[in-house]
Structure formats: C-alpha cells, structure tokens
Amino acid sequence: VLVLGKSKSISSTDRALGFVFAEGFQSWMWRGLTFLLPFLFFGHFWQLFNAITLFKLSDHPECKEWQVSMCGITFLILFLGNFLTTVRVIYQKQKQRENKNKQL
C-alpha cells in the first residue's frame, strides 16, 4: 500500500511539473507546425517575390540608388535563411517521427 501511494504521489508530482505533459506538448507542437506551414511558406515566397522585384527595379535605367539592390539582397538573404530553416525543421521532425515509430 505504501509503494502504491508513493508511485501515485510521484506521478502527480511529475504531472504537476509537466514531465508527463511534455510528450503531449511535442505532439501538439507538430500539429501546430503543420497548421502554420502554409502561412510560413507564403511569407517566405513573398520575401522572394520582393527580392526579385527589387532586383528588377535596380536594373531600371532611371534607378541610380544603391539602396534598392541592397534591399533586394536583404530580402533574398531573409528568404534563404527562413526557407532553409523551415525545411530543415520539417526534415528533423519527420526523422524524429520515423525513429519514434521504429522504437514502438
């Protein structure tokens, strides 16, 4: 009886500290990520569109400012960083899910 009471108190302590909740949170976080992916990719390709548009504007004969091409470079760097990071996170999440399924 004492052992059962001790295990119940440990499980309630773990639950209160969030140890039991962590697994459920990771599952929820992946579902949240899949919900956000279309919006993230829309934002990424919007950055790419801005970069291409600014590069085209910088080639215009009347455009003599260097700031236009620098903004284009900035948007291109933003696109590459955000896009590659998002793709890497998706890849890692898929690997974790596959490893988890193999362990079960």
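I counted the aromatic pairs and got seven; rings of Phe, Tyr and Trp (its six-membered ring) pair if their centres lie within 6.5 Å, and planes under 30 degrees apart count as stacked, over 60 as edge-to-face and the rest as tilted. Phe45 sits in helix 2 (residues 21-58) and Phe79 in helix 3, so the pair ties together parts that are 34 residues apart in sequence. Helices here are DSSP runs of H or I with at least four residues, strands are runs of E with at least two, and both are numbered from the N terminus.

Before going on, I note that this is a predicted model, in which local features need pLDDT of at least 70 and side-chain atom pairs count only at pLDDT 80 or more, while totals for chains, interfaces and linings use all residues. Residues are numbered from 1 along each chain as its sequence is written, and side-chain values use heavy atoms, with hydrogens and water left out.

**Burial of the ring pair**

Buried means under 20% relative accessible area, exposed over 50%, and partly exposed in between (1.4 Å probe, protein chains only). Phe79 comes out at 8% and is buried, whereas Phe45, at 43%, is partly exposed. Ring pairs also link Phe41, Phe45, Phe79 and Phe83 into a cluster.

**Overall layout**

I find three helices and zero strands in the protein, and the elements run α-α-α from the N terminus on. Of the 104 residues in the protein, 12% are buried.

**Helix 3**

I compared the length of helix 3 (residues 67-103) with expectation. The expected span is 1.5 Å times one less than the number of residues, so its 37 residues should span 54 Å; the end C-alpha atoms are 54 Å apart, which agrees. In this helix I listed Val68, Gly72, Phe79 and Thr86 as buried.

Ile77 and Leu48 are 29 residues apart in sequence and 9.1 Å apart in space. Trp46 and Phe75, 29 residues apart along the chain, are separated by 9.3 Å. Trp46 is in helix 2 and is partly exposed at 46%. Leu40 and Thr86 are 46 residues apart along the chain and 8.3 Å apart.

**Nonpolar patch**

Which residues make the nonpolar surface patch of about 420 Å²? I find Phe35, Leu36, Phe39 and Leu40. Patch residues have over 30% relative accessible area and no salt bridge, with like charges joined within 9 Å and nonpolar side chains (Val, Leu, Ile, Met, Phe, Trp, Tyr) within 5 Å. A salt bridge is a side-chain nitrogen of Lys or Arg within 4 Å of a carboxyl oxygen of Asp or Glu. Areas come from the Shrake-Rupley method with a 1.4 Å probe, and for residues only the protein chains shown count as cover. Leu36 lies in helix 2 and is partly exposed at 41%. Leu40 is in helix 2 too, partly exposed at 32%.

**Cysteines**

I searched for disulfides (a pair of cysteine sulfur atoms within 2.5 Å) and found zero. Cys63 is buried at 19%, and Cys71 is partly exposed at 37%.
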